[in-house]
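Here's a walk through the structure, going from a single residue out to the place where two chains meet. Have your viewer ready.

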Amino acid sequence: MSKELLQSLLRLLIALIVALIVSSLFIIFMGENPLIAYRQLFKGAFVGKANIIRSLRWSTPYIITGVAAAVAFRAGVFNIGIEGCVYIGGLSAALVGVYVTGLPGPLHVALAVVVAMIMGGFWLVLPAFLRAFYNVNEVITTWMFSYISVLLCQYLVTYHFYDPFEISQAAQQVRTSYIASSARLSQLIPPFQLNTAIFIALGITILFFLFSQRTTLGYELEMTGLSPDFAKYGGINIAKIRFYAIIISGAIGAIAGATEIMGVHFRYIHGFSTAIGVNGILVALMGRLNPITVPLAAIFFGSLQNGARVMERTSNVSLDTINIMVSIIVMSITAEGLYELIRVKRKARKEE
Amino acid sequence: MLEILFNAHTVKTGINLATPILLGALGGVICYKSGIFNIALEGNMLIGSFAAIVGSYFFGNAWAGVLLAIGVTVIASLIYGLFCITFRANVIIVGFGFNMFALGITGWLLLPVFGGKGSFFDPSTPTVGNLKFSFLENIPVINTLLNGHNIIVYISWLLVILLYILLYRTAIGYRMRALGENPDSLRVSGLRGDFYAYLAIIISGACCGLGGAYLSIAHLAMFTENMTAGIGFISVTAVIFSKGFILITALAGYLFGMAHSVGIQLQGIGLPTQFVEMIPYVLTVLMLIPTAFRIKRVYFKKADVQVK
């Protein structure tokens with residue numbers, strides 16, 4: 001375990017170095033000093049109470065979507081349609097928040113989350129079914145479903161669930177009414193957007209840890225991902241596992257949308273997801289699908305993005321800089337050849 | 001009703017919408033046949049469309065833009081190839097990462113290069129012109145189908161034929177296909193598999209670059225963030241649907257374009273915009289369903305996701 005973790009960390013380090021080198025080149029190209037930029041970035045992400053709180057706020061949805069992606073990837077199915085589930089979940093939660101009234105607070109929140117989960121899971125039934133039982137490429141179907149869901153949510157809100165009391169109903173502003181106060185997640189430190197969703201994220205992480213380390217189903221899931229033939233030989237119904245992996249992944253992804261709506265925006269605003277689902281996939285891959293490292297990767301990603309948001313106003317370093325960095329990390333993370341290159345060199349040096 | 005849906009304008013729009021899909025799919029076919037499941041087409045096209053508008057804007061010539069697009073995309077796809085082939089990383093993960101990388105880099109460069117965020121539009125930037133054959137003008141149907149299209153459209157038709165010849169009539173194509181079906185056979189013959197894999201990646205990069213250029217500088221010189229919006233994935237679908245048979249791939253690309261074009265006409269009779277925009281995505285899912293009922297054949301090694 002410890003050796004495995006060490007190796008995993010080593011790989012992450014190498015990937016990070018590669019990413020830092022490449023993004024430094026870009027920052028130099030932009031005419032700025034990368035060292036100063038990184039220092040500012042770090043400051044914006046981790047130094048000072050306000051920055052830490054904001055970093056946590058941005059990390060919260062990534063933890064949830066990161067776990068969502070990791071569940072599917074562990075089973076060897078590449079569900080990249082989590083963005084769609086975020087939208088579906090956000091809209092369902094908003095609708096429950098707006099149209100269901102008279103429930104006590106916690107119950108209302110729970111209802112909204114559960115409805116979001118059901119809708120999010122349900123949304124991916126077709127891709128999951130096709131992948132699990134008929135081997136239809138899930139990479140494309142889930143990605144297409146996320147486009148479809150974004151458009152569908154836009155349609156539904158524009159034509160059916162728009163806010164009737166909104167006076168400045170501009171064409172671009174697609175939004176529902178505000179949700180009832182009983183369905184809102186309370187803010188932890190009032191002026192900041194950080195809210196109780198972080199506990200939901202924490203709970204999901206713990207459940208994911210227990211599920212993958214302590215349950216038979218978690219083991220079966222992992223075996224299906226690592227070696228389908230072996231799993232089949234061992235009597236695991238791999239089609240079923242794959243099916244449920246995608247559904248569960250969608251359901252968890254939908255929670256991220258629901259908490260964003262219930263904790264931050266308090267209404268469905270089209271485009272509320274700042275690529276939460278897509279970034280969750282990057283987080284899961286960066287965290288190497290491990291229940292301990294995925295949340296850490298989410299915090300890393302969210303914090304850096306927060307740092308970049310601060311820097312965006314004064315310099316050329318922006319959110320995109322961080323996205324480039326993280327995507328390079330993700331590209332390097334499965335690159336066996338890259339590590340062998342380094343290992344071989346080290347071996348050669350030892351022999352000298 | 002039918003006249004509203006199928007007229008000369010629909011055909012024109014259909015061809016217009018199909019061309020980037022077709023060009024992407026051509027790149028995808030070459031990779032598919034060489035055993036690389038390339039989902040980085042999307043990112044390649046995005047980079048291509050950005051490079052095209054940069055070239056066209058700064059050199060004042062649309063063809064400079066096209067050439068820059070092809071050059072930059074080939075380099076970008078070589079990076080993708082470096083990870084996939086030399087570093088033996090998981091193709092899907094690298095592809096996904098690459099798409100995100102392309103999205104980030106084009107969005108980021110918009111600000112320093114053009115001084116704006118989100119999108120760039122400049123009417124004075126030169127665009128690739130249309131080609132008119134005067135001898136076709138008097139033939140009714142042929143005229144609409146074949147005449148007056150963008151030059152890149154004609155290049156894409158030419159590419160279909162050229163790539164068909166390359167794949168099925170030359171030694172290089174034969175080896176590429178051998179690489180896709182059985183990589184060991186190349187090794188047995190003493191040939192370097194990596195070389196042919198890289199060659200496929202380069203060709204696919206060039207096709208995607210051209211497709212990207214078509215998106216940004218064919219009619220209007222315009223670039224918006226994430227302007228490919230899934231076209232690369234639709235191209236991949238066209239490839240899977242056709243099992244990598246290039247002529248069917250081209251037809252599948254045109255099917256997407258035409259269906260979308262008919263959908264746009266439907267908007268005129270009251271279909272909400274969102275549903276019109278949904279059509280290519282829904283069609284993509286529908287076109288993948290037949291692959292479920294196919295006799296299993298190992299054309300390419302489908303990479304299982306193994307990150308650990």
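Which residues does A:Val67 touch, not counting residues up to four places away in sequence? They are A:Ile204, A:Thr205, A:Phe208, A:Ile252 and A:Val294, with contact meaning C-beta atoms, placed from the backbone, within 7 Å. A word on the ground rules: this is a predicted model, where local features need pLDDT of at least 70, side-chain atom pairs count only at pLDDT 80 or more, and totals for chains, interfaces and linings use all residues. Residues are numbered from 1 along each chain as its sequence is written, while chains are lettered from A and ligands numbered from 1 in written order.

A:Val67 also belongs to the largest nonpolar core, which has 213 residues. Such a core joins buried Ala, Val, Leu, Ile, Met, Phe, Trp, Tyr and Cys through C-beta atoms within 7 Å, buried being 20 or more other C-beta atoms within 10 Å. Together with A:Ala254, A:Ile255, A:Met286, A:Phe301 and B:Leu210, A:Val67 touches the most other members. Helix α11 of chain A (residues 238-265) gives the largest share, 15 residues.

A:Phe301 turns up again where α13(A) meets α14(A). These helices pack at about 150 degrees with axes 8 Å apart, so they run roughly antiparallel (over 145 degrees). The contact also includes A:Leu304 and A:Ala308 of α13(A) and A:Ile322 of α14(A).

Finally, look at where the chains meet: chain A brings 46 residues and chain B 44. On the side of chain A, α7(A) supplies the largest share, 11 residues.

Conventions: Buried ≥ 20, exposed ≤ 12 C-beta atoms within 10 Å, placed from the backbone. Helix = DSSP H or I, 4+ residues; strand = E, 2+ residues; numbered from the N terminus. Contact = placed C-beta atoms within 7 Å. Axes fitted to C-alpha atoms, helices over the stretch in contact; angles between N-to-C directions. Parallel < 35°, antiparallel > 145°, perpendicular 65-115°, else oblique.
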